[in-house]
Amino acid sequence: NGFLARLLIARPPRMPVAWTSAVVDHECKEALARLFEELLRLRHDDEGDPVPIPLSPDALSEWIRFHDEHAVEQAGLCELLAASWSKLCGYAARLALVFFVAEEIAHGRPVDAGAQVSLSALRAGVRCARWFGGQTKALVEELGGIELDVAERKLLAWIRGRGKPVTPRIVMRGNGKDYGTSELAKAALDALVAAGKLRRAFRKNDGPG
């Protein structure tokens, strides 16, 4: 229903927790307190909405490149992951804004009307979004390996549209552009069976295969 795509999945490897006597020093606590105070003072318009902060020219160029590369990746993913990828694109921009505002405040620079999100902040946001994407992929694979690429989804739709059983040779004849040999067609059908998307059937006097 689209809910999972709206979550940022994080499942890093488990590590044993070791005791430490280290404490957070006073300067760090003070800096964090100042950060939250300044965040609460960020400008809002007359209706109470945050005032947009644009990307700097070099950050915009980087954003366009990431956006287009991300779209190509999304086109080759299964429906579940493609939905997550559509949200991750926006998360990259939001996280970049978080990095930029926090960095400006930490260095005592006011986030005024002329502020622009820096290239370094944009890159940090993109790195985080890509990391969350990798975590989502790992979770999907662990839950059952339900990922199918574009060619497999296209083949599955074609088979279901026929409404009757197919063989590798039938698949090859009907989808020669994607499966030029019966061996390739058989491998694709085997992958769909392994993913639980198709059921193998045998004709009378046929052996397994």
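This is a predicted model: local features need pLDDT of at least 70, side-chain atom pairs count only at pLDDT 80 or more; totals for chains, interfaces and linings use all residues.
View 1. Glutamate 69 makes a salt bridge to arginine 65, and their closest N and O atoms lie 3.2 Å apart. Both residues belong to helix H2 and are four residues apart, so about one helical turn separates them. Arginine 65 is also partly exposed, at 44% relative accessibility.

**View 2. A salt bridge between arginine 130 and glutamate 73.** The two side chains meet with an N to O distance of 3.2 Å. Because arginine 130 is in helix H4 and glutamate 73 is in helix H2, the pair ties together parts that are 57 residues apart in sequence. Arginine 130 is partly exposed at 36% relative accessibility, and glutamate 73 is partly exposed at 35%.

**View 3. A salt bridge between glutamate 62 and arginine 123.** The closest N and O atoms of glutamate 62 and arginine 123 are 3.5 Å apart. Arginine 123, with a relative accessible area of 39%, is partly exposed.

**View 4. The salt-bridge network.** Side chains of opposite charge can pair when their charged atoms come close. Six salt bridges are found when the whole structure is searched. Through shared partners, salt bridges connect Glu62, Arg65, Glu69, Glu73, Arg123 and Arg130 in one network.

**View 5. Packing of helix H2 against helix H3.** Two packed helices are described by the angle between their axes and the distance between the axes. Here the axes of H2 (residues 57–75) and H3 (residues 79–106) come within 9 Å and cross at roughly 170°. H2 is therefore roughly antiparallel to H3, as angles over 145 degrees are classed that way. On the H2 side the contact involves Trp63, Phe66, His67, His70, Glu73 and Gln74. These meet Ala82, Trp85, Ser86, Leu88, Cys89, Ala92 and Ala93 of H3.

**View 6. A nonpolar surface patch.** Leu32, Phe36 and Leu39 make up the patch, and together they have about 260 Å² of accessible area. Phenylalanine 36 lies in helix H1 (residues 26–40). The relative accessible area of phenylalanine 36 is 47%, so this residue is partly exposed.

Notes
Residues are numbered from 1 along each chain as its sequence is written. Side-chain values use heavy atoms; hydrogens and water are left out. Patches are made of residues with over 30% relative accessible area and no salt bridge: like charges are joined within 9 Å, nonpolar side chains (Val, Leu, Ile, Met, Phe, Trp, Tyr) within 5 Å. Accessible areas come from the Shrake-Rupley method with a 1.4 Å probe; for residues, only the protein chains shown count as cover. A salt bridge is a side-chain nitrogen of Lys or Arg within 4 Å of a carboxyl oxygen of Asp or Glu. Helices (H or I, at least four residues) and strands (E, at least two) are DSSP runs, numbered from the N terminus. Buried means under 20% relative accessible area, exposed over 50%, partly exposed in between (1.4 Å probe, protein chains only). Axes are lines fitted to C-alpha atoms, for helices over the stretch in contact, and angles run from 0 to 180 degrees between N-to-C directions. Angles under 35 degrees count as roughly parallel, over 145 as roughly antiparallel, 65 to 115 as roughly perpendicular and the rest as oblique. Contact means heavy atoms within 4.5 Å.
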